[in-house]
Amino acid sequence: MSLSLNRLARGRTIHFDLSLVLLGFAGVFLAFLVLLPLGWLAVFSLTNESGAASWSNFAALGDASLFLHPFLTTLGIALCVATLACGVAVPLAWLVARTNVPFRRTLRGLIMTSFITPPFIGAVAWVLLAAPNSGLLNQYYRLITGAGPFDHLFNIFSAEGIVFVMASYAFPYVFVLTANTLDRMPYDLEEASAILGGGRWHTFRRVTVPMVLPALLAGFLIAFLQAMTQFGTPAILALPAGFHVLTTKIWSLFQYPPKTHLAAACAMPLLLVTILLLRGEKYLLGRRGFTMIGGKAGTPQLTTLGLWRWPALLAALFVLFVTVLLPNLVLIRASMLRTVSDPWSLQTITWDNVRLVFSLNNTVSTLRNTLIVGTISATVGAAFSVLIASLTARRAVPGHRFLGFLATAPAAVPGIVLGVALFIGYTRPPFQLYGTLWILLLAFLTIEMPPAYQQMQAAFRGLNPELEDASRILGAGRLKSLVSIVAPLLKSSVAATWCFVFIGAIRELSATILLTTSKTKVISVLIYDLNEGGQLGGIAVLGLVLMAVTTVVVIAANRLANVGAMAPER
Amino acid sequence: MSISRRAVLTATAGFAVAGSAKAARPDPTVLTQDVITAAKKEGTIAWYTADDLVLATQVSKSFEAKYGMTVQLERSGAERIYQRIGQEYSSDISAVDVATTSDLGHTVSWRKSGWLAPFVPAEAAHWTDAAIAPDGLYLVDKFTLVVPGYNSRLVKAADAPKTWTDLLDPKWKGKLVKAHPGYSGAITNETYALSHLLGWEFYEKLAKQDVLQVQSATDPPMRTAQGERAVMADAAEVTSLRLIGQGAPLVLVYPGEGVPVVGVGSVLMLKAPRPNAARLFMHYLASSECQKINMEQGSRSFDNTLTEPASWTPLSKIKLLYNDPADLAREAEEIKKRYSQIFGV
């Protein structure tokens, strides 16, 4: 062994490349991040309370009220959400990317702002708007139509209500994916089809649709997965209506004494479905993917809408009004009222909610925890994804594929499943992290690693390696060229990734709800606590604070990186 | 109207049985300057409480103002508090100094686990015996009731429900809001009492009424005041009385079948990380100053130097249903399970 090492050392100029060490470190860390908790999850699902091997947990899944019913409800809701989200997002994406609808850039920017509102705050806003009796929209409905005191137009406490709220917060993701694809789509293919005699409809069907389909499918999948794994929205809307989805059911198993073994078994199907869907997407995209090389075929030809562009603009504005403006306005309104359904007048306006929220001293410590863990997650997450992306994008080291796989693997682990796994994995030796902010940091890093890594990888791909090569030829090590050549060039991408992880971390609820203690509480959990106590006005205040913090941080990070809005990577 | 000594004795008859106490009740502890000094040095006290959020905030603020210390207030439902403490203790985290629960059944399992320290503050020494655990391991520092009620803007007094079973009238279908025993200790008390008094059929029929299922017993009065539902099937009297005091259009109903009493007990944790601050806080909870705040926020009190507001229905006119903590502890799991089966969540 030592002999061969010596020979190796003699054979080359001794130039110790730090990246191999980094690779090892990164690989071990990623594996640790994912494998340890999931390993525990598997062990727990296959053992009983006394630690003996047992199928009883999975056998219990046959029970309708424990598993089957919530599971089927979840799938049904997710399917509807994905359909609705695509139905809204795709036409909208087409409008802003491929037509001459007025204010297309502004529209696009405005749709991006809906990322600021966490879905569970949106759910509370919709309780204020569309609860059957106290909801403002229903109040106005009765006022206008003269309907009786208990008549209502909307009931947000229903499966339909959940689908609507979830779709409101899922459609921007589908929108971004589809709009970006439409942007990049070389219009000369469509032109070629037209020249060869294809009619408009024919071209649309045979050229445009196949090229957009992968993005559409990916969007559908994202919406589906989000709806399937979300905790906050169903907890706020489904429980009052008297039914469970799978995430709320899993969470209810943590009532003391926690039935962790059963929860682990319940989490397995969720994990399995997610993995299957992601594999299925890969399979479908693998066959249907079109390489759109040479995408810079000039500006795409915009479809001229003629007079129709005004109704189209109105429709787009209506979507924005319903999904962004209305919920945020109602939060502002509710934050200033003692009884949230009261009309707004000088007599009813009060600072009570603000006073209540800020007289709770755990609001301050909660905000502090949120900022600490958000900042550290974002910094570590961004740095780590730069590191891994640099190794994989440049195929710098053997095993880079495996690294890429490890970095994207957590995407298949839903938040609540990860929460269960981390709870099991880190409430016992050797890593007793429950009760510290570390466990939250691990959760956020794991959850945010895949999108952060993908974002950085895309950025690296868009960067010509010649610059790095030049630096390396001139004698710089890989790390040195990463720091002094690549980093400055990727500044804006890094800032975007940082923001992405930060926002993701501070709005996370489904894993966080299982992992915090009173000392490590973060703002999303505090909001959830207030919801259980029925303090809607207090939630409105905290929700606005959370969104304000998010906005300020995003603007600041982008200023620092000297770029404009948090534009998606092109 | 002053709350009579007799009424208090009756009200608390139910809490006394709990301690299968071998240890005799410890002598009351008088607050000393040493404890205050040591507590101030510790600076903070972590209080996990199932009290109404506004009440708990007021108590914390006044304690902070009086002693220049910080109260780390963790307010949640009693069943969540129980879950939190259980989870933290089984992970060797002792963060809580004083816990307050509205499900005295919890004290039974905590006592069994050896997590509690006996402590009787001298401020409570003149209270009825029933307010203090026989072995001094908990102090029932306040109590409240679980009652139905309605929004007076939406329901005329003549149409309003008068009894628990009136809630089953088809005319209330889709108009009821109800809290959950998986979250709320008050509702666990209610579910225990009413399932024994009226049978589980009562809840089976109630579940068919399309209730809006919320979690905290403090939530139905808020939703009803908002007009989200016309009638609350169950509500914490404490929050309701506070809201009524603020002018909310709520009317409470005290059914003749009986009204569940919720003893709200505070315990000193044996492993309290700040033992002196914890003791000082227990003294404060029992003080007339704090009892006055509780009452201003709608809570009933054992401190017979205080006078209940004239607008409150006096205890002497209510048929009270008491639960033995040992019974609550024994049946809690089964109650929650059965409830979830009936109501679907």
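This is a short tour of a predicted two-chain model, one selection at a time.

Local features are described where pLDDT is at least 70, and side-chain atom pairs count only at pLDDT 80 or more, while totals for chains, interfaces and linings use all residues. Residues are numbered from 1 along each chain as its sequence is written, and chains are lettered from A, with ligands numbered from 1, in the order in which they are written.

**Stop 1: chain A**

Helices here are DSSP runs of H or I with at least four residues, strands are E runs of at least two, and both are numbered from the N terminus.

Chain A has 570 residues and a radius of gyration of 25 Å, which agrees with the value near 25 Å for a compact globule. That radius is taken over C-alpha atoms, and the globule rule is 2.2 Å times the number of residues to the power 0.38. Along the principal axes, the C-alpha atoms fill a box of roughly 90 × 70 × 45 Å.

Now colour by burial. Buried residues make up 47% of chain A. A residue is buried if 20 or more other C-beta atoms lie within 10 Å of its own, exposed if 12 or fewer, and partly exposed in between, with C-beta atoms placed from the backbone.

**Stop 2: the two domains of chain A**

Select 65-327 for domain 1 and 346-565 for domain 2 of chain A. These bounds come from an automatic or database domain assignment. The domain centres, taken over C-alpha atoms, are 23 Å apart.

Where do the domains touch? The contact takes 28 residues from domain 1 of chain A and 26 residues from domain 2 of chain A. Two residues are in contact if their C-beta atoms, placed from the backbone, lie within 7 Å. On the domain 1 side, α5 (104-113), α6 (119-130), α11 (232-241), α12 (246-252) and α13 (260-288) of chain A each supply at least two residues. Highlight α13(A): it gives the most to that side, with nine residues. By class, the domain 1 side has 20 nonpolar, eight polar and no charged residues. Ala, Val, Leu, Ile, Met, Phe, Trp, Tyr, Cys and Pro count as nonpolar, Asp, Glu, Lys and Arg as charged, and the others, Gly among them, as polar.

**Stop 3: Phe103(A)**

Zoom to Phe103(A), in the loop between α4 (64-98) and α5 of chain A. Phe103(A) is not a glycine, yet its phi is positive, about 55°. Most residues other than glycine have a negative phi. Is Phe103(A) exposed, partly exposed or buried? It counts as partly exposed, because it has 13 C-beta neighbours inside 10 Å.

**Stop 4: chain B**

Switch to chain B. Its secondary structure comes to twelve helices and eleven strands. Of its residues, 58% count as buried.

**Stop 5: where the chains meet**

Show both chains. The contact takes 46 residues from chain B and 36 residues from chain A. Among the elements of chain B that give two or more residues are β1 (44-49), α3 (53-67) and α12 (325-343). Which element gives the most to the chain B side? Select α4(B), which gives seven residues. The chain B side divides into 18 nonpolar, 18 polar and ten charged residues.

**Stop 6: strand β3 of chain B**

Select residues 98-101 of chain B, strand β3. Val98(B) and Thr100(B) point one way, Ala99(B) and Thr101(B) the other, and all are buried. β3(B) pairs with β1(B) in the parallel sense over three bridges; two strands pair if DSSP finds at least two bridges between them. Ala99(B) is the bridge partner of Tyr48(B). β3(B) also runs antiparallel to β10 (residues 259-269) of chain B, joined by four bridges. There, Thr101(B) stands opposite Gly265(B).

**Stop 7: helix α12 of chain B**

End at α12(B). The helix has a kink of about 55°, centred on Glu331(B). The bend at a residue is the angle between axes fitted to the seven residues ending there and the seven starting there. The buried residues of α12(B) include Leu328(B), Ala332(B), Ile335(B) and Tyr339(B). What covers them includes α5 (105-113), α6 (185-197), α7 (200-207) and β7 of chain B. Gly344(B) follows α12(B), and its phi is positive, near 85°.
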